[in-house]
Every structure is written in C-alpha cells, then in structure tokens.
Amino acid sequence: MHEYTSTARVWGLSCPGFPEEVSRARRWTRDILRDSPLADDAELIVSELSTNAIRHTATGWEPGSFHLAVAVSAQVVAISVTDDGGATTAPKVEHQDHEAEHGRGLGMVSALAHRVVVHDTDQGHTVTAELYADARLGGRRCR
C-alpha cells in the first residue's frame with residue numbers, strides 16, 4: 001500500500017439526547033473497535049464527548065440528539081461527536097484543578113487523543129478526537 005493512501009471505514013450512529021444513550025454509544029464504539037488496542041481510549045472519549053453534548057448543548061433538550069462517527073484506518077481512529085448547538089460558547093479545553101467537579105472532560109479527551117479539533121457547524125459543534133495507531137505519525141500525545 002502506498003504510504004499516502006489508506007482505506008478507512010466509517011460508521012455513524014445518531015442517539016437521542018438522553019443520558020442512558022451514552023452507554024449505548026460506548027458499547028457501539030467498543031463493538032467496532034473490539035480488536036483494537038485503541039478501544040479503551042476511544043470508549044472513554046466517546047463517553048466524555050457524548051456526555052458533554054447532552055449536558056452543555058441543546059442535545060439534552062427534548063427532542064435533542066447527538067451524532068457519533070467513528071472512522072478507522074490502519075493509521076488512525078477518529079471519533080467525532082456532533083451536538084445540536086444552543087451553547088453560548090464553543091467547546092474548549094479548560095485546565096481545571098483536580099478537585100473540580102466539572103469542566104475536565106475535554107481536557108481528559110485531549111490527554112488521551114493525539115489531536116482534538118472543534119468545528120462549528122450550522123447546527124452546533126463537532127468535536128473530533130484522533131488516536132494514532134503509531135504515535136510517530138502524529139508526534140507526541142497531547143498531555
């Protein structure tokens with residue numbers, strides 16, 4: 001295979017904005033990545049991003065939803081969660097102290113992922129976290 005080409009498989013899941021849907025999204029991700037060494041990190045990222053969408057955006061309002069995409073190639077697992085908007089600010093990494101009860105989720109995602117990108121959409125925001133199969137592809141992990 002040429003070093004600049006790869007075959008990626010992409011899965012998508014739409015979930016109602018109910019807290020119990022977070023566990024469904026985690027199981028779905030775990031099923032897709034069952035044989036991957038990145039499965040644990042991906043599952044935690046899905047949990048954090050889905051929970052943030054429900055808690056901090058219109059996703060958690062009736063009849064809100066969040067949309068999850070998992071793209072897998074030999075080099076990268078990319079996890080994207082799109083919310084329904086309604087937040088006054090875009091998601092951002094906040095460095096909270098260890099005693100804080102809130103505001104650490106996206107910081108945890110950035111610590112696990114090699115790259116985290118927030119995109120504004122017409123409807124809300126999409127947060128994408130990338131996990132590299134080989135850390136040399138993306139440099140050092142964000143810590």
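Among contacts in the chain between residues at least 6 apart in sequence, what percentage join residues at least 24 apart? The value is 62%, where a contact means heavy atoms within 4.5 Å.

A word on the source: this is a predicted model, in which local features need pLDDT of at least 70, side-chain atom pairs count only at pLDDT 80 or more, and totals for chains, interfaces and linings use all residues. Residues are numbered from 1 along each chain as its sequence is written, and side-chain values use heavy atoms, with hydrogens and water left out.

The chain has five strands and three helices, in the order β-α-α-β-β-α-β-β from the N terminus. Helices (H or I, at least four residues) and strands (E, at least two) are DSSP runs, numbered from the N terminus.

Of the 143 residues, 40% count as buried; buried is under 20% relative accessible area, exposed over 50%, and partly exposed in between, with a 1.4 Å probe and protein chains only.

Let us turn to Pro 37, in the loop between helix 1 (21–32) and helix 2 (39–56). Pro 37 is exposed, at a relative accessible area of 78%. Its C-alpha atom is separated by 8.2 Å from that of Ala 133, 96 residues apart along the chain.

Helix 3 (residues 105–112), finally, is mostly covered, with six of its eight residues buried: Gly 105, Leu 106, Gly 107, Val 109, Ser 110 and Leu 112. Their cover includes helix 2, strand 4 (115–120) and strand 5 (125–132).
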